[in-house]
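Let's take a quick tour with a few questions and answers. Have a look at the model first.

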Amino acid sequence: MPFDTDDCQHMARALRLAERGYLLARPNPRVGCIIVNQGKVVGEGYHQRFGEGHAEVNALAEAGEQAKGATCYVTLEPCAHQGKTGACAKALIQAGVKRVVAAMRDPNPKVDGGGFALLQQAGIQVESGLMEADARAINPGFISRMTQQRPYVRCKLAMSLDGRTAMASGESLWITGAAARSDVQKLRARHDGIITGLGTLTHDNPSLNVRFEQYPEEVSDSTQQAFRQPVRILADRDAKADLSQQFFAIRSPIWWVGHNHYDAELPEHIERRVFSQQENWLQDLLTECARHEMNEVLIEAGAELAGAFVQQGLVDELVVYMAPKLMGSDARPLVHWPLETMSQAQTLVLTDMRQLGSDMRLTYRLSTD
């Protein structure tokens, strides 16, 4: 049956709730849920933290007895398997809901239609596909990991108006202003891993962690304490990095990735990851990220490493912070990618544009056409 205006309004609310889980839900998907009985919202919830109650369970807890005979709006198919928490489909059956409207089917092979089947077997009316595109946009990494066995990859770049990312010397601090740099903290916070290269480490001496004191929004102390910093991944082929840099001093997990590593004792938070020296080693790195349940990975690197990811078709989205500056023709380009003809040019699709102070943030999806 077709969805009506009320269905759309309730699902839109569920989608907004789902977005609240972007800090703590990973590696699980971000999910929101609304329970409606006789046109009245009697319960709502979202997956707040990995290992704790899912969206449906939290919404049912708020609804209580009013869930009986109600409609459940949920942004992802209710799970049908026992994980760290019980199966949500069974919880909905036990609560006595009569209808479930889901935005999309769960791509997780452990679910993938199983939740719908369980609900239908119990006599519950099940409908799916309402605002599916919006639901998919909330969980691109989870979907990518489940269907492609690699995380969703964003490449963050800061450039001048003439497309330059650093001076010829490598100097790049600071291209953008304070508002844009604050926004980067929020961008990092939604990712499970951040990849950088030796050049960026050498020239910028970054920490590449999420710093809530520079965060653009208020985040509670309890959320900050529960937050897991993204794994910082250093691509350093011959292990030439200087261990005295602040990147290593901050004690959150680091993968030191390369083809060769000397035998030396490292602090516990630094883990060596050795990949064979072959063309597709970046793909192998992303596969390893997915194997460790990373849904979304951010590349914060110089033109060479960023260009390598783009050239190999491993970037899904570009997030470009553009400053109103001209850095000149001798400055370094956005990505290192030698092209000779217009037919080789990469087409981008602009999906978002907003102003941050005097800078612009441009988000592009890489076209597959």
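A polar contact is a pair of N or O atoms within 3.5 Å; within protein, one must be able to donate a hydrogen and the other to accept it, and residues adjacent in sequence count only if both atoms are side-chain atoms. This is a predicted model, where local features need pLDDT of at least 70, side-chain atom pairs count only at pLDDT 80 or more, and totals for chains, interfaces and linings use all residues. Residues are numbered from 1 along each chain as its sequence is written, and side-chain values use heavy atoms, with hydrogens and water left out.

Q: Which residue has its backbone oxygen 3.2 Å from a polar atom of the side chain of His47?
A: His47 sits in the loop between strand 2 (40-46) and helix 2 (55-63). Its side chain also makes a polar contact of 3.1 Å with the side chain of Asn28. The backbone oxygen at 3.2 Å belongs to Gly53.

Q: Is His47 buried or exposed?
A: Buried means under 20% relative accessible area, exposed over 50%, partly exposed in between (1.4 Å probe, protein chains only). His47 has 3% relative accessibility, so this residue counts as buried.

Q: How far apart in space are His47 and Gly21, C-alpha to C-alpha?
A: In sequence, 26 residues separate His47 and Gly21. The two are also in contact, meaning heavy atoms within 4.5 Å. From C-alpha to C-alpha, the distance is 5.9 Å.

Technical notes: Helices (H or I, at least four residues) and strands (E, at least two) are DSSP runs, numbered from the N terminus. Lists of a residue's contacts leave out its neighbours within four places in sequence.
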